[in-house]
Amino acid sequence: MANVNCNPNSASDTLTLDGIRDSLIRQEDSIVFSLIERARFPLNGKMYLHNHASIPGFSGSLVEFIVRETEAVQAKAGRYENPEENPFFPENLPRPLAHPHKYPKVLHPSGASINMNKAIWDFYFKKFLPLLVADGDDGNYAATAASDLACLQALSRRIHCGKYVAEVKFRDAPNEYEGPIRSQERDTLMKLLTFEAVEEQVKKRVEKKAMVFGQEVTLNNTSGGGKYKIDPSLASRLYDNWVMPLTKEVEVEYLLRRLE
């Protein structure tokens, strides 16, 4: 799956809200498709149990093992040199072996320390996944974990794009934000960043995408009788309960440090 840049002008330090918005809309596709892929498998709950796999020298669940090992390989290839990417297990990641790409420095340096992946991990496995998939165990643990990782990384990339959203909003209206930032008024910043009409549009759009992408395709122009690969309302609920609130948390955290 191709990476979708939060920074639509990756060759320069010019950001526009319209460009970022277009990027976020495209990322909805990646998230919905990753959810559809994960829904192919049942819950496979054993892979989330601590030490169930009994891996020598490792203490944790099988999914944690697979995510850690995959991130280590991707780190060697330079994935986490990209400021848009945030590892779920940043501790002790190997240094990149490939020649690093020079990414444009458009974010304030303090933004690098913002990582919401623990919250993403917790809500995905504890709250959202049981709503998405059927209970059961088919033994396809490695493939299931790979699907989980695709979901996690797509969600993480989307949520951490809040750094870019916050940066462009600050650049467009610094006088509006400087006061609340200097006084560290978190609630005021959250209000400035909240546009309920826009959020409603996003929820409706991702639900419609889940309907369109999740329907069975036939050659005789017949529909699947209203059956979808995932419940379309879950895509809307995902954004409403977790994606958009966490994105705004990223924005607030970024702005609070913007003048450091």
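Predicted model: local features only at pLDDT ≥ 70, side-chain atom pairs only at ≥ 80, totals over all residues.
Residues are numbered from 1 along each chain as its sequence is written, and side-chain values use heavy atoms, with hydrogens and water left out. Local features need pLDDT of at least 70 and side-chain atom pairs count only at pLDDT 80 or more, while totals for chains, interfaces and linings use all residues.

Let's start with helices H1 (residues 17-38) and H5 (residues 162-172), whose axes come within 10 Å and cross at roughly 165°. Helices here are DSSP runs (H or I, at least four residues), numbered from the N terminus. The axes are lines fitted to C-alpha atoms over the stretch in contact, with angles running from 0 to 180 degrees between N-to-C directions. H1 and H5 are therefore roughly antiparallel (over 145 degrees), and their crossing is left-handed (the near helix is turned anticlockwise from the far one by less than a right angle). On the H1 side, the contact (heavy atoms within 4.5 Å) uses Leu 17, Ile 20 and Leu 24, and H5 brings Tyr 164, Val 165, Val 168 and Lys 169. That makes 6 nonpolar residues, no polar ones and 1 charged; Ala, Val, Leu, Ile, Met, Phe, Trp, Tyr, Cys and Pro count as nonpolar, Asp, Glu, Lys and Arg as charged, and the others, Gly among them, as polar.

Stay with H5 for a moment. Since 9 of its 11 residues are buried, H5 is largely enclosed by the rest of the structure (buried means under 20% relative accessible area, exposed over 50%, partly exposed in between, with a 1.4 Å probe and protein chains only). The buried residues of H5 pack against H1, H4 (141-160), H6 (174-182), H7 (186-193) and H9.

Of its 63 residues, Phe 123, Tyr 124, Phe 128 and Leu 238 touch the most other members. Helix H9 (residues 232-256) gives the most to this core, 13 residues.

H9 also holds Ser 236, which counts as buried at 13% relative accessibility. Beyond four places in sequence, Ser 236 touches Lys 203, Val 206 and Glu 207.

Finally, look at the loop between H2 (62-76) and H3 (117-132), where Ala 98 sits. Ala 98 is partly exposed, at 37% relative accessible area. Leaving out residues up to four places away in sequence, Ala 98 touches Lys 76 and Ala 77.

Conventions
Helix = DSSP H or I, 4+ residues; strand = E, 2+ residues; numbered from the N terminus. Parallel < 35°, antiparallel > 145°, perpendicular 65-115°, else oblique. Core = buried A, V, L, I, M, F, W, Y, C linked by side-chain atoms within 4.5 Å.
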